[in-house]
Amino acid sequence: MAGILKLLERNEFNSVATVRVNPYSPTPSGAYFILTEFETIHSQLVLSNVADSLDLNERWSKKYNQGRRLSESEIEERIKRRLDLRVVRNSPLIRVSVFDDDPYEAAQLANRITEQYRRRPAKRRV
């Protein structure tokens, strides 16, 4: 039985990148601020830039959709399913973990997500 389960297991790799968040005011409201940053990382702006820069539509349409192009929302959902965000305790850091069956692709995604998050237009508080 254990041998059958081992055969059915899927190899999955985890790649982690860390990004520093910069509060817009000296005293951001903790959990609200972090949740806002998580939503920013999950945003269409960040994820569409990740997809474009890695040409994910071309790669994933071949890999997952028999060559038919995927919609932007399908690509974004595929990225989100691979993505796990965590706060690094007692720090202004967010740990971006990406899980994938290809270790190189997991690393590319984790690094590109943090890069695109850092490049987004800066928010201004009034």
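1. The protein chain contains 6 helices and 3 strands, where helices (H or I, at least four residues) and strands (E, at least two) are DSSP runs numbered from the N terminus. Read from that end, the order of elements is α-β-α-α-α-α-β-β-α.

2. On provenance, this is a predicted model, in which local features need pLDDT of at least 70 and side-chain atom pairs count only at pLDDT 80 or more, whereas totals for chains, interfaces and linings use all residues. Residues are numbered from 1 along each chain as its sequence is written, and side-chain values use heavy atoms, with hydrogens and water left out.

3. Of the 126 residues in the protein chain, 36% are buried; buried here means under 20% relative accessible area, exposed means over 50%, and partly exposed lies in between (1.4 Å probe, protein chains only). The chain exposes about 8,300 Å², and carbon and sulfur atoms supply 51% of that area, as computed by the Shrake-Rupley method with a 1.4 Å probe. Among contacts (heavy atoms within 4.5 Å) with a separation of 6 or more, 68% join residues 24 or more positions apart.

4. The 3 strands form an open antiparallel sheet in the order S1-S3-S2, with two strands counted as paired if DSSP finds at least two bridges between them. S1 and S2 stand at the edges with a single partner strand each, so one side of each is left without a neighbour in the sheet. Neighbouring strands are turned against each other by 20 degrees on average, direction ignored.

5. The pairing can be followed bridge by bridge. S1 and S3 are joined by 8 bridges in the antiparallel sense, among them those that link Phe13 to Asp100 and Asn14 to Phe99. S2 and S3, which also run antiparallel, are joined by 5 bridges, and Leu85 has Val96 as its bridge partner in S3.

6. Which helices lie across strands of the sheet? H5 lies across S2 and S3, running at about 50 degrees to S2, while H6 lies across S1, S2 and S3 and runs at about 15 degrees to S1. For these angles, axes are lines fitted to C-alpha atoms, for helices over the stretch in contact, and the values run from 0 to 180 degrees between N-to-C directions.

7. The largest nonpolar core has 27 residues, of which Leu56, Ile79, Ile94, Leu109 and Ile113 touch the most other members; such a core is a set of buried Ala, Val, Leu, Ile, Met, Phe, Trp, Tyr and Cys residues joined through side-chain atoms within 4.5 Å. Elements that give two or more residues to this core include strand S1 (13-20), helix H2 (30-41), strand S3 (93-100) and helix H6 (103-119). Leaving aside residues up to four places away in sequence, Ile79 touches Leu47, Val50, Leu56, Trp60, Leu109 and Ile113.

8. Most residues other than glycine have a negative phi. Gln66, in the loop between H4 and H5, has a positive phi near 50 degrees and is exposed, with a relative accessible area of 68%. Asn90 takes a positive phi near 55 degrees in the hairpin of S2 and S3, which has 5 residues between the strands, and Asn90 is exposed, with a relative accessible area of 78%.
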